[in-house]
Amino acid sequence: MTSNFNTSSRNSSSSWTQSQNDQFEEALAIYDRDTPDRWHNISRVVDGKSAEEVKRHFELLVKDIMKIESDQVPLPNYRSTGGNSRGFGNEQRIFKNIRLQ
């Protein structure tokens, strides 16, 4: 689970490295919402971040996800690489044959 849509997080007062984001995501998988002292535990895993910083990073991530899910984030303008005018190439042909159960 890589957080590439954390535009709000990038604008926060403290910057996050890719390594810190990876540590953060791994810690979220370990320490769920029912874990006592969740933010303190996560901050111990993420190099150089306090409990308040990891909590704020999480809150910004949740806001970003809510914006994406409510269609408030525009779709990227992908350039066509030889497919049709909508930018689909082999992907459309491949996914056409996939059946989801």
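Biologist: What makes Glu59 count as partly exposed?

Modeller: Its relative accessible area is 33%. Buried means under 20%, exposed means over 50%, and partly exposed is what sits in between (with a 1.4 Å probe, protein chains only). So 33% puts Glu59 in the middle class. By the way, this is a predicted model, so local features need pLDDT of at least 70 and side-chain atom pairs count only at pLDDT 80 or more, while totals for chains, interfaces and linings use all residues. Residues are numbered from 1 along each chain as its sequence is written, and side-chain values use heavy atoms, with hydrogens and water left out.

Biologist: Why is the pairing of Glu59 with Arg56 called a salt bridge?

Modeller: The term asks for a side-chain nitrogen of Lys or Arg within 4 Å of a carboxyl oxygen of Asp or Glu. Here the closest N and O atoms are 3.9 Å apart, so the pair qualifies. The structure holds one salt bridge. Arg56 is partly exposed as well, at 39% relative accessibility.

Biologist: Where do Glu59 and Arg56 lie?

Modeller: Both are in helix α4, three residues apart, about one turn of the helix. In general, an α-helix has 3.6 residues a turn, so residues three or four places apart point the same way.

Biologist: How do you know how many helices and strands there are?

Modeller: We count DSSP runs, numbered from the N terminus: helices are H or I with at least four residues, strands are E with at least two. That gives five helices and zero strands, in the pattern α-α-α-α-α along the sequence.

Biologist: Which helices do the buried residues of α2 pack against?

Modeller: They pack against α3 and α4. Among those buried residues are Phe24, Ala27 and Leu28.

Biologist: What makes a group of residues a nonpolar core?

Modeller: It's a set of buried Ala, Val, Leu, Ile, Met, Phe, Trp, Tyr and Cys residues joined through side-chain atoms within 4.5 Å. The largest one here has nine residues: Trp16, Phe24, Ala27, Leu28, Trp39, Ile42, Val46, Val54 and Leu61. Its largest share, three residues, comes from α2.

Biologist: Why does Asn41 count as buried?

Modeller: Asn41 has 13% relative accessibility, so it falls on the buried side of the cut-off. Asn41 is found in helix α3, residues 38–45.

Biologist: What does the side chain of Asn41 reach?

Modeller: The backbone oxygen of Pro36, at 3.1 Å. A polar contact needs a pair of N or O atoms within 3.5 Å; within protein, one must be able to donate a hydrogen and the other to accept it, and residues adjacent in sequence count only if both atoms are side-chain atoms.

Methods
Contact means heavy atoms within 4.5 Å.
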